[in-house]
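The sequence and structure come first.

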Amino acid sequence: IGLLRTVPRSYEPDGAELDTPPPTYPAEDSSRNPLQGPVFEALGRLDWHSLTDEQQLEALRVCQLALYRLGAPDEATRYEIISRLDEIYPAAKREQNAMLTEIMCYLQAPSAADKGMKLLAASPTQEGQLELVRSLRFLEAGWTPETRREFFEWFLRGLSYKGGVNFANFVKEMKNDAIARIPETEKAALESVIHAPVPSQVTPLSAKPRPLVKEWKTEEVIP
């Protein structure tokens, strides 16, 4: 991970944009770093099921950094990575699924829409749902009319969730990113859900209570 972080990102965020959108495939060969092949070969030799949870997360992070910093893979490598990840996606833990969804959407995996939407439907928390939607908004491949409609129906609920001052704007930006990736031939069929009014109330989501680490005093946080 440390080695990969020394390589500049192949995509420079524009303004406040923090996420890395997928490239257009097939990708240009000129943007590919020579380190990419050896990194993916090493990842391919790992036995996923013998890794601990922490090791699995580290392996997925290496895969992310290799994609973001070493350039988009060629088509053969892209389909090989998709095939390997399809065998372990979805995983048993939320953290792994969030990273797997991000990688599969970045690679434009055909299975990401169906698997990602099933994870979204099963996620019991607002935080877990947002992790998935943040990646699914960039996905163009693999959607059916049903799964795409279900995705935009989520935004009706998501815009009713509670968060910080800029939370609603964040959800709207994700929705706009998703709208921009709808083929023109399919937009008319989704108009009713895209422009549907946001409900005033939604069913509250469960959330795992967070333990109190320390009760801070004012004098402790003032410089």
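Helices α7 and α8 are oblique to each other, because their axes cross at roughly 130 degrees; angles under 35 degrees count as roughly parallel, over 145 as roughly antiparallel, 65 to 115 as roughly perpendicular and the rest as oblique. In this predicted model, local features need pLDDT of at least 70 and side-chain atom pairs count only at pLDDT 80 or more, while totals for chains, interfaces and linings use all residues. Residues are numbered from 1 along each chain as its sequence is written, and side-chain values use heavy atoms, with hydrogens and water left out.

The axes of α7 (residues 126–136) and α8 come within 12 Å; axes are lines fitted to C-alpha atoms, for helices over the stretch in contact, with angles from 0 to 180 degrees between N-to-C directions. α7 passes α8 in a left-handed crossing (the near helix is turned anticlockwise from the far one by less than a right angle; clockwise would be right-handed). From α7, Gln129, Leu130, Val133 and Leu136 meet Phe151, Trp154 and Phe155 of α8, where contact means heavy atoms within 4.5 Å. The residues of this contact divide into 6 nonpolar, 1 polar and no charged. Here Ala, Val, Leu, Ile, Met, Phe, Trp, Tyr, Cys and Pro count as nonpolar, Asp, Glu, Lys and Arg as charged, and the others, Gly among them, as polar.

On the α3 side the contact residues include Leu57, Leu60, Cys63, Leu67 and Tyr68, and on the α5 side they include Met99, Leu100, Ile103 and Tyr106. By class, the α3 contact with α5 has 9 nonpolar, 3 polar and 4 charged residues.

Overall, the protein has 11 helices and 0 strands; helices (H or I, at least four residues) and strands (E, at least two) are DSSP runs, numbered from the N terminus. Buried residues make up 42% of its 223 residues; buried means under 20% relative accessible area, exposed over 50% and partly exposed in between (1.4 Å probe, protein chains only). Of the contacts with a separation of 6 or more, 73% are between residues 24 or more positions apart.

Burial in helix α10 (residues 184–194) takes in Leu190, Val193 and Ile194. Seen down the axis of α10, the buried residues fall within an arc of 75 degrees, so they line one face of the helix; the arc is that of the directions from the helix axis to the C-beta atoms. What covers these residues includes α8 (145–158) and α9 (167–180). Turned away from the buried side are the exposed residues Ala188, Ala189 and Ser192.

Most residues other than glycine have a negative phi, and most peptide bonds are trans. The table lists two cis peptide bonds.

| Cis bond | Omega | Location of the proline |
|---|---|---|
| Tyr25 and Pro26 | about 0 degrees | loop between α1 (2–5) and α2 (36–44) |
| Tyr89 and Pro90 | about 5 degrees | loop between α4 (75–86) and α5 |

Gln108 has a positive phi, near 55 degrees. Gln108 is placed in the loop between α5 and α6 (112–122) and is buried, with a relative accessible area of 11%.
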